[in-house]
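Let's take a guided walk through a protein model together. Have the sequence and the 3D view open beside you, and follow along one piece at a time.

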Amino acid sequence: MRIDILCLFPEMLASPFDYSIVKRARERGLVEVVVHNIRDYSHDKHHIVDDYPYGGGPGMVLKPEPIFEATESIKERVDYSDLPIILLTPQGRLFTQQVARELALHQNIMLICGHYEGVDERVREHLVSDEVSIGDYVLSAGELAAMVVVDAVVRLIPGALGSPLSFHSDSHSNGLLEYPQYTRPKVYRGWTVPSVLLSGNHGEIARWRWQQAILRTLKRRPDLAKQGNLSAEE
Ligand code: 6GU
């Protein structure tokens, strides 16, 4: 997979992909993350990328030309058959595990980081194929959202995780929150690990975890439990 990110502050994206699972996925050649500075595609001598909004009002708007030209230039250099161009914006559809799974199926994706008061509407109308928001709050830099999207997508690429099955029990991967986890020591400050986990009975352990995941989801995120994911037994 190749992920191209168009942004205004490429330095912000220098380190987050150098750790942990994303780093390993890059080293294994499973994903390439290429960061581009939108400013490099502005032709005036001050490399201006934003301007005042027509009609007045506060804030600045990202100009269309550098964004269109950046994507066109990248498409010329890389052979893209299928390329979702995703604008990161608080106006987008909500980024969920399901959306991450959808994006992980593509060979290439392009992320455009929004800024300031917004982006010229013609970018939305004539360039991007999707708009994504990482939650109902406002960030000042779309770069932060890009980091979140890249991380969530890359860990779903086959081979990115150490153990091929480890994401099946992750919170949200099956519509439930994850069950409680314990590691050594068996007793810490008088607090003990639930005995079922020490029993060696894999059937009982699986059942306990499944029950805990359901209880935890009902208690903490009744909105998830309501979405019709639970069977009668659950
Ligand atoms: Cl994708 N961008 C910005 N600027 N703010 C956000 C967001 C994205 N998602 C939630 N808030």
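The protein is divided into domain 1 (2–154) and domain 2 (168–234), with bounds that come from an automatic or database domain assignment. Between the C-alpha centres of domain 1 and domain 2 there are 36 Å. Before going further, keep in mind that this is a predicted model, in which local features need pLDDT of at least 70 and side-chain atom pairs count only at pLDDT 80 or more, while totals for chains, interfaces and linings use all residues. Residues are numbered from 1 along each chain as its sequence is written, and side-chain values use heavy atoms, with hydrogens and water left out.

Let's begin with a sheet. Its 5 strands form an open sheet in the order β2-β1-β6-β5-β8, and the pairing is parallel. Which strands stand at the edges? They are β2 (32–37) and β8 (130–133); each has a single partner strand, so one side of each is left without a neighbour in the sheet. On average, neighbouring strands of this sheet are turned by 35 degrees against each other, direction ignored.

Now look at one pair. Strand β5 (residues 85–94) is joined to β8 by 5 bridges in the parallel sense, and Leu-94 stands opposite Ser-133 in β8.

Helices pack on this sheet too. Helix α2 (residues 64–77) touches β1 (2–7), β2, β5 and β6 (108–113), and its direction makes about 155 degrees with that of β1. Contact here means heavy atoms within 4.5 Å; axes are lines fitted to C-alpha atoms, for helices over the stretch in contact, and angles run from 0 to 180 degrees between N-to-C directions. Helix α5 (residues 142–154) lies across β1, β2, β5 and β6, at about 160 degrees to β6.

Next comes the ligand. Among the residues around the ligand are Leu-88, Thr-89, Pro-90, Ser-133, Ile-134 and Leu-139, where being near asks for a heavy atom within 4 Å. Which strand gives the most to this shell? That is β5, with 3 residues, and both β5 and β8 supply at least two residues each.

Some of these neighbours make polar contacts, meaning pairs of N or O atoms within 3.5 Å. An N or O atom in the side chain of Ser-133 is 3.3 Å from a nitrogen atom of the ligand. A backbone N or O atom of Ile-134 lies 2.9 Å from a ligand nitrogen atom, and a polar backbone atom of Leu-139 is 3.0 Å from a nitrogen atom of the ligand. Taken alone, the ligand exposes 290 Å², and the protein buries 97% of that; such areas come from the Shrake-Rupley method with a 1.4 Å probe.

There is another open sheet, made of 3 strands in the order β3-β4-β7 with mixed pairing. Its edges are β3 (50–51) and β7 (118–119), each with a single partner strand, so one side of each is left without a neighbour in the sheet. Strand β4 (residues 61–62) runs antiparallel to β3, joined by 2 bridges, and Asp-50 has Leu-62 in β4 as its bridge partner.

Finally, visit the loop between α5 and β9 (187–188), where Pro-185 lies. Most residues other than glycine have a negative phi, and most peptide bonds are trans. Yet a cis peptide bond joins Arg-184 and Pro-185, with omega about 5 degrees. His-172 lies in the loop between α5 and β9 as well, and the phi of His-172 is positive, near 80 degrees.

Key:
Pairing = 2+ DSSP bridges. Helix = DSSP H or I, 4+ residues; strand = E, 2+ residues; numbered from the N terminus. Polar contact = N/O pair within 3.5 Å; in protein donor to acceptor, adjacent residues only side chain to side chain.
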